[in-house]
Amino acid sequence: MSSVAEKRFAAEAAAMLVRDGMRVGLGTGSTVAYLIAALGQSRPRATYVASSPATEAAARAVALDVVAFDELDELDLAIDGADQVAPDLWLVKGGGGAHTREKVIAASAERFVVIVDSTKLVESLRPPVPVEILAFGAGATLRRLAPATRREALSSPDGGVIVDYHGEFDDPAELSARLSSIPGVVEHGLVAAHLVAEVLVGHDGGVHQLSGRGAP
Ligand code: 5RP
């Protein structure tokens with residue numbers, strides 16, 4: 001089965017979790033694009049917050065009710081893709097450079113559901129880990145993050161510089177704390193397992209569900 005079909009299966013299963021009246025956070029990426037298409041078909045009367053201009057435009061294009069996040073204090077559900085999913089459900093996100101907003105949305109949701117194709121399942125997380133840094137002093141912050149490289153063609157939805165951290169690591173919690181401690185780092189793409197309620201993995205003809213510690 002192609003990863004495109006797997007993404008679509010996972011996204012369509014997640015779309016069925018959205019009910020009338022819910023406040024729903026939408027991530028960013030190709031898997032989320034299938035989610036938005038499915039929601040455009042099923043049309044639950046929900047209110048949505050978008051993690052990027054691309055997601056907002058796609059959601060509005062299928063007439064979803066998108067509001068600014070400052071109009072809502074909390075979310076019932078957040079749905080997003082991921083670049084890597086470890087067996088303990090720690091994640092790497094940020095392939096699209098939107099991980100700061102995506103993590104704010106995920107942390108604000110009662111239930112955070114991750115949708116992926118099977119290629120995203122890994123035995124252990126590995127570099128690169130995307131990191132958003134402030135444009136102010138970006139060169140100095142990049143040096144303190146070494147080994148890291150700047151992604152020239154990409155910035156975050158808030159104008160932050162996106163870099164990839166390339167150092168090997170065994171303990172994502174330790175790396176998460178270390179990256180967060182560097183002045184100039186806005187947010188890194190490691191997502192702690194305790195935030196994740198479940199991961200929906202598309203596979204041959206269906207969806208496999210991995211349950212996480214973040215279940216409501
Ligand atoms: C964007 C992300 C995406 O969720 C991640 O890169 C997965 O993307 P895709 O669904 O296109 O494989 O974290 O910042």
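This is a predicted model: local features need pLDDT of at least 70, side-chain atom pairs count only at pLDDT 80 or more; totals for chains, interfaces and linings use all residues.
Ser 118 counts as partly exposed, because its relative accessibility is 32%; buried means under 20% relative accessible area, exposed over 50%, and partly exposed in between, with a 1.4 Å probe and protein chains only. Residues are numbered from 1 along each chain as its sequence is written, and side-chain values use heavy atoms, with hydrogens and water left out.

Ser 118 lies in the loop between E7 and strand E8 (129-133); helices (H or I, at least four residues) and strands (E, at least two) are DSSP runs, numbered from the N terminus. Neighbours within four places in sequence aside, Ser 118 is in contact with Glu 6, Val 201 and Gly 202, where contact means heavy atoms within 4.5 Å. From Ser 118 to Thr 141 there are 23 residues along the chain, and their C-alpha atoms are separated by 34 Å.

Glu 6 brings us to helix H1. Among the buried residues of H1 are Glu 6, Ala 5, Lys 7 and Ala 10. The buried residues of this helix pack against helix H2 (30-42) and strands E4 (75-80), E7 (109-117), E13 (198-203) and E14 (206-211).

What span should the 13 residues of helix H1 (residues 3-15) have? At 1.5 Å a residue the figure is 18 Å, and the end C-alpha atoms are 18 Å apart, which agrees; the expected span is 1.5 Å times one less than the number of residues.

I turn now to the pairing of H1 with H2. The two helices pack at an angle of about 50°, and their axes are 8 Å apart. H1 and H2 are therefore oblique to each other; angles under 35 degrees count as roughly parallel, over 145 as roughly antiparallel, 65 to 115 as roughly perpendicular and the rest as oblique. The residues of this contact divide into eight nonpolar, two polar and three charged. Here Ala, Val, Leu, Ile, Met, Phe, Trp, Tyr, Cys and Pro count as nonpolar, Asp, Glu, Lys and Arg as charged, and the others, Gly among them, as polar.

Finally, Pro 157. Pro 157 sits in the loop between strand E9 (148-155) and strand E10 (161-165), and with 26% relative accessibility it counts as partly exposed. Residues up to four places away in sequence not counted, Pro 157 touches Ser 51, Ser 52, Pro 53, Gly 97, Ala 98 and Arg 101.

Definitions and conventions: Axes are lines fitted to C-alpha atoms, for helices over the stretch in contact, and angles run from 0 to 180 degrees between N-to-C directions.
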